[in-house]
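Please keep the sequence and the 3D view at hand while reading.

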Amino acid sequence: MRQSVKSALGCAGFILGLVALLALFSRVALPKGNSAADGMPNVPASGIDAEPPGTIDVIFVGDSECYYTFMPLLLWREQGFTSYVCATPSQTLNQTVRWLRRACKNQSPKLIVLETDALYTGINYGDALLDPVERAFPLLEHHNRWKDLRWRDFWAEPEYRHIVRDKGYVYNDETVAFETAAAAEDDGYVGRLRSAYLRQIGDYCREHGIPLLLVSAPSMVTWSDARLVSASRAAQSLGADYLDLNALSDEIGLDWRNDTFDQGYHLNVSGATKATTYFGQYLSRHYSLPDHRGDKAYKAWNKAAKKALKDAI
Amino acid sequence: MALSELLFAGRSPLLVAFFSVGYLFMFLPAVALAFCLAPRRARRMVLLGASYVFYWLVSGTLIAYLLATTLSAHYFGLWLDRLLRGRDEALKALPRDQRKPLRAQWQRKIRGVVALAVVLHVGVLALVKYSGFFLGNVNALMEAVGLSLRLRIPAYLQPLGISFFTLQALSYILDVCRGTQKADDNLPRLALFIAFFPQIVEGPICRYGDTAARLWDVGPMNLDDVKLGLQRILYGAMKKVVIADRLNRMVGALFKTPDAYGGGFVALAAVCYTVQLYMDFSGSMDAVCGTAQMFGVAMPENFQRPFFARTISEFWQRWHITLGAWLRDYLFYPISTSGPMKALTLKARKRLGNHYGPLLAGAAALFLVWLCNGLWHGAGWNYIFFGMYHFALILSGSLAAPLLRAAGDRLRIDGERLPWRIARTLRTCALVVIGELFFRAETLGAGLHMFGRMVSDFSFSAKTAALRELHFDRYDAVIVLVTLAIVFAVSLVNERGASVRAWLKARPTAVRWALLYALIFYILIFGAYGHDYDAVIPLYANY
Amino acid sequence: MEELIAILEDIRPDIDFAAHDDLIDAHLLDSLSILSLVAQLEETFDITIPAVEIIPKNLNSVEAMWAMIRRLEEAG
């Protein structure tokens, strides 16, 4: 009995030491700021950490379909509400949950918009298991920072001050026309894991009293009828609204020869402008969103919009 | 949703990556837990069940190949056993001088059954792996001759590990036929031997006499074995995740578009690929042996510090040892000591003396062995070239051996002194690296082209854009070199006969823990995983 | 036994056979040398060495080889 108790205690001790060291190394590995120089990944989306608390009205989450389509500064200029695009490349729904929580740490949005492409990026059980571990120990996510560690990383506390001008939108003004491309071939199936994460998103919004809107950004490549059916069904099960911008291509005025930079996969700035304008009008009609234009506290948005939209046009 | 989808068929192909979250933190703990909780008799069935679940999760309905191979091996074994016993009884009944013709008759029957078994198993393997290659070449030949007939090339899904478990099943059947192994009427025991999950992906190719009983009579889990096994898995993780996976993108870029880089980069690509291959394969083997050790099962080693070999011949006794042993025991010796070959040797020895005489039969058998070795790795002319390259090296080495020895004596050079040993080792490494260049090249033509450029235009020029494609900076180089130095140091200690693991075990707890923590965090920090890297399936899992 | 050692030294004069019990395991004898050895042993001692006998257990040391030769001689 003695030996097995000793062994059990030994193993437990080893694991405890491991956890302690993981926590220690994670503190060092965590980026101490949210700019690229600080080693923060996904800089456009990470700008949310630097936005003044309680100033963002709408949070967008999703993948590249989201950050190439929606322009917060244009929404500001035309409708007057503030928004931020917390979208990252190939964002999976488990990452969406984390971004939601991260965005809502300092903000109290009046609407959450989820771009539906994330529903169709698969998650495997290994990633799902790793998710809480990665959250607890940032070392796993940021271990590659060993290449550019600085002295600050060893003693400073994280301070997020880097404001991202375009509020998460990623600008692209190239034009590569759509020719022919097969629409998404899958059957729109959303597996058990993704459904579970969707439910988590729905529950989070419900608990905080924030309405949730699912939207499908225009794309010739990542859209299909099957996905339309499954996306609207998903929205229904979450008690969320659903808007399919693909069906409204004509109303939006999209021209797939000039409005895309990668043959119809994503919109370029011209297409994004059209889509955002339409979407802004839709949001203002269906949701009671504030109009901060003229409010001195939002001066920075005016400045940013003036600079950004001048560059775009 | 089809029933097979519902039951997770083929849903987790990433389980073959031994250092993935799925294998290391979900599958393996689940099996270990079931193993610990199982009563004594059921432990072996836990391993068998886990092996089939593993195969099902990775390859789905292709498990049919595995089951068919197992059943075939079982029934062929029993059939051969009956024939052998029948032969022995019939021969005993006769006086000595009348036995020869009857023995020959029985031998013909036995050989027929064995031939059938071999044709069936190798045939299925050939169909699944090589029909595309074979038919493609037939089509090319017809085009060259001007015929317009083209054969349709079927596409077969390759079941996981078929190259490995086919050889394992055949080794069982051949052992029964030669009398070294009695046929096993216990089907689950044979099934466990063939399907055991750690070794079904990439080997090692086990022998029935060694491994089957160890697996079947597996004892309770004990903490020492678990600790040693986990340590071994950790060490393998360092080799694969820190070194091999870090080199992956650079090697891939260099082989995909070799013309974007100067000839010197070809040499770099060949060296780095050889390093990647060795770290990946031996690291995976550490995971396999470590896993098996956790359950108290010893697996044969596949590597014995191959880059310390002084000749190519020795290299192949240290690299992928179980494959070499299989080809040697079931192909090389049986062929070179078969009737017609022995007659040839007899005649040749009269003419060419005892060193060169047997080389005739030896060369023929060796040719066949290397043809098979090359082809086993894949269906492509570059693999055949790889096999022939090593065949030529080994044969010429053997032919030249007496001359070199005489020259060495004349010049008073002792090949065993350290500077010469190092020189011979480096020469062997260089020859191996050149072979791997052809092994990895996309096609034989590409390999020859790359080799030509390396020799004719040895420069390190490349456009900046091309260099960026390599995804490899000086930090990466430092880490690779440092980790290689660690592996080299450990290998050196092991080559001298000492055991690093035994040394570690004897240290006080604080030192042991410190070293283990250092290893774990070394892998966590410097490992090539996460969103900046692509997951790399073990390189030998596709063979 | 002396005959055996003479044969071995003729094939590989550079190895001190008496001093090793790991001729196969230490990679001192390669498969082509073993073929020469087998051919010579079969002729000298008038035995037949089947492929199943060509294993490390029988070839790792001079003593092991001698035991194998005696065994095969008796089996006839």
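Asp245(B), Arg246(B), Asn248(B), Arg249(B), Met250(B), Leu470(B), His471(B), Tyr533(B) and Asp534(B) line the largest cavity. The model is predicted: local features need pLDDT of at least 70 and side-chain atom pairs count only at pLDDT 80 or more, while totals for chains, interfaces and linings use all residues. Residues are numbered from 1 along each chain as its sequence is written, chains are lettered from A and ligands numbered from 1 in the order in which they are written, and side-chain values use heavy atoms, leaving out hydrogens and water.

**Cavities**

- A cavity is a set of points, on a 1 Å grid over the protein atoms alone, where a 1.4 Å probe fits but cannot get out; its lining residues have an atom within 4 Å of a point.
- A search of the whole structure finds 4 cavities of 30 Å³ or more, a volume being the space filled by probe spheres set on the points, which are joined across faces, edges and corners.
- The largest cavity holds about 70 Å³ of space, and its lining divides into 3 nonpolar, 2 polar and 4 charged residues.
- In this grouping Ala, Val, Leu, Ile, Met, Phe, Trp, Tyr, Cys and Pro count as nonpolar, Asp, Glu, Lys and Arg as charged, and the others, Gly among them, as polar.
- The second largest cavity has a volume of about 40 Å³; among the residues that line it are Glu65(A), Tyr120(A), Trp223(A) and Asn246(A).
- The lining of the second largest cavity divides into 3 nonpolar, 4 polar and 4 charged residues.

**Contacts between chains**

- Of the 2 pairs of chains that touch, chains A and B have the most contacts (heavy atoms within 4.5 Å).
- Chain A and chain C do not touch, and their nearest C-alpha atoms are 38 Å apart.
- About 2,300 Å² is buried between chain A and chain B, with 72% given by carbon and sulfur atoms; buried area is the accessible area (1.4 Å probe) that two parts lose on being put together, summed over both.
- Phe14(A), Trp146(A) and Lys147(A) supply 29% of the area that chain A buries against chain B, more than any other three residues.

Conventions
1 Å grid on protein atoms, 1.4 Å probe; cavity = no way out; pocket = protein on both sides within 12 Å on 5 of 7 lines; lining within 4 Å.
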